[in-house]
Amino acid sequence: RSALLCGLTSYWFKQLPTTIAHHFLDQPSERFLQVKKTKPLNLEIIVRGFLAGSMIKHVQEGFLAPYAHDPIVEILPTLSPYEQLPSTCVHLTTKAQGNQHDEPLPLEAAFNNHLLTDTDWFEIRRIAAAVYQLGFHHYLAHGYILADTKLEFGLGVNAPHQLMIIDEILTPDASRIWLANTDQENQLQPSPLFTDDIPISSDKDIARRYLKTHHPGDSAAMIPQMIAHELVTSYLNVYEQITGTTFLVQLDNNHQNDYPAALAHDDAQYFNHLTTG
């Protein structure tokens with residue numbers, strides 16, 4: 001999985017325009033990225049184009065504080081789950097440690113706790129919206145809907161006041177990705193393909209939904225190999241559709257020529273501690 005995510009992250013960093021600063025320098029090997037040294041901001045940026053994930057729960061419960069800075073907050077209660085938002089919504093969460101979950105972080109609280117300045121926020125919102133739009137259109141052209149994504153930012157060490165994107169970007173680990181619907185002429189549409197009133201996912205929601213359905217409230221529950229295999233297969237499909245290349249990586253002797261089985265075997269444990277962003 002690390003090779004797949006490194007390769008996809010490398011691909012996306014190379015697609016960014018020069019007006020968007022980032023820490024990526026090179027990918028010297030399958031599982032490693034060479035990056036600039038930065039001081040990470042102690043928060044995470046969520047960019048949403050659809051009403052999905054924890055945003056659905058927040059709207060249903062009337063908890064709109066995380067979105068109060070955005071004019072979209074006025075119409076959120078009128079939208080249906082999985083509906084496209086009228087504009088891109090950028091908001092904040094805490095950066096959880098260990099097995100804790102990220103929590104919504106109202107913009108005013110971030111300012112009051114000196115996690116970022118208003119100048120930082122203006123630049124972060126500009127960059128985050130631009131990255132989402134780039135990713136959305138590219139994903140849609142390849143049969144997917146980028147519903148939302150998580151970004152992280154840091155300050156350059158050699159350029160202390162320069163904000164730059166760090167960590168991974170636009171991957172199935174950091175995003176909510178759905179299969180796109182088509183019209184009667186088989187043209188892709190900016191809306192998800194549904195099954196049982198739920199968008200068909202190509203991201204960690206595959207594991208989240210299994211755990212929620214079969215082990216609600218059980219933080220020690222494990223996903224079976226079958227679900228891990230399904231999840232990794234979806235990751236591989238995303239990688240190959242988006243990059244236009246075949247995923248190739250050295251496997252151990254027990255899983256030669258079966259990438260989903262190899263990755264699922266290595267990563268079943270990983271997917272058992274998932275947030276619900």
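## Starting with helix H1

The buried residues of H1 are Ala3, Leu4, Leu5, Cys6, Gly7, Leu8, Thr9, Ser10, Tyr11, Trp12 and Phe13. Here, buried means under 20% relative accessible area, exposed means over 50%, and partly exposed lies in between (1.4 Å probe, protein chains only). That makes H1 a mostly covered helix, with 11 of its 14 residues buried. Helices (H or I, at least four residues) and strands (E, at least two) are DSSP runs, numbered from the N terminus.

Before going further, a word on the source: this is a predicted model, in which local features need pLDDT of at least 70 and side-chain atom pairs count only at pLDDT 80 or more, while totals for chains, interfaces and linings use all residues. Residues are numbered from 1 along each chain as its sequence is written, and side-chain values use heavy atoms, with hydrogens and water left out.

## The protein as a whole

The protein holds 7 helices and 12 strands. Of its 277 residues, 47% are buried. Its accessible surface comes to about 13900 Å², and carbon and sulfur atoms account for 51% of that; the areas come from the Shrake-Rupley method with a 1.4 Å probe, and for residues only the protein chains shown count as cover. Among contacts (heavy atoms within 4.5 Å) with a separation of 6 or more, 67% are between residues 24 or more positions apart.

## Two helices side by side in a table

The expected span is 1.5 Å times one less than the number of residues in the helix.

| Helix | Number of residues | First to last C-alpha | Expected span |
|---|---|---|---|
| H1 (2-15) | 14 residues | 20 Å | 20 Å |
| H6 (225-243) | 19 residues | 27 Å | 27 Å |

In H6, the buried residues include Ile227, Leu231, Ser234, Tyr235 and Val238. Thr245 sits in the loop between H6 and helix H7 (259-267). With a relative accessible area of 38%, Thr245 is partly exposed. Leaving aside neighbours within four places in sequence, Thr245 is in contact with Tyr239 and Glu240.

## Two buried residues

What is the setting of Ser202? Ser202 lies in the loop between strand S12 (198-199) and helix H5 (205-214). Ser202 counts as buried because its relative accessibility is 5%. Beyond neighbours within four places in sequence, its contacts include Ser234, Tyr235 and Val238, together with Tyr144 and Pro172.

Leu151 belongs to strand S7 (residues 144-156). Its relative accessibility is 0%, so Leu151 counts as buried. Not counting residues up to four places away in sequence, Leu151 touches Glu44, Ile45, Val47, Ala128, Val131 and Ile169.

A pocket is an open set of points on a 1 Å grid over the protein atoms alone, with protein on both sides within 12 Å along at least five of seven lines, and lining residues have an atom within 4 Å of a point. Of the 13 residues in this lining, Leu5, Thr9, Leu33, Asp167 and Glu168 lie nearest the centre. H1, strand S2 (32-35) and S7 each supply at least two lining residues, and H1 gives the most, with 3.

Notes:
1 Å grid on protein atoms, 1.4 Å probe; cavity = no way out; pocket = protein on both sides within 12 Å on 5 of 7 lines; lining within 4 Å.
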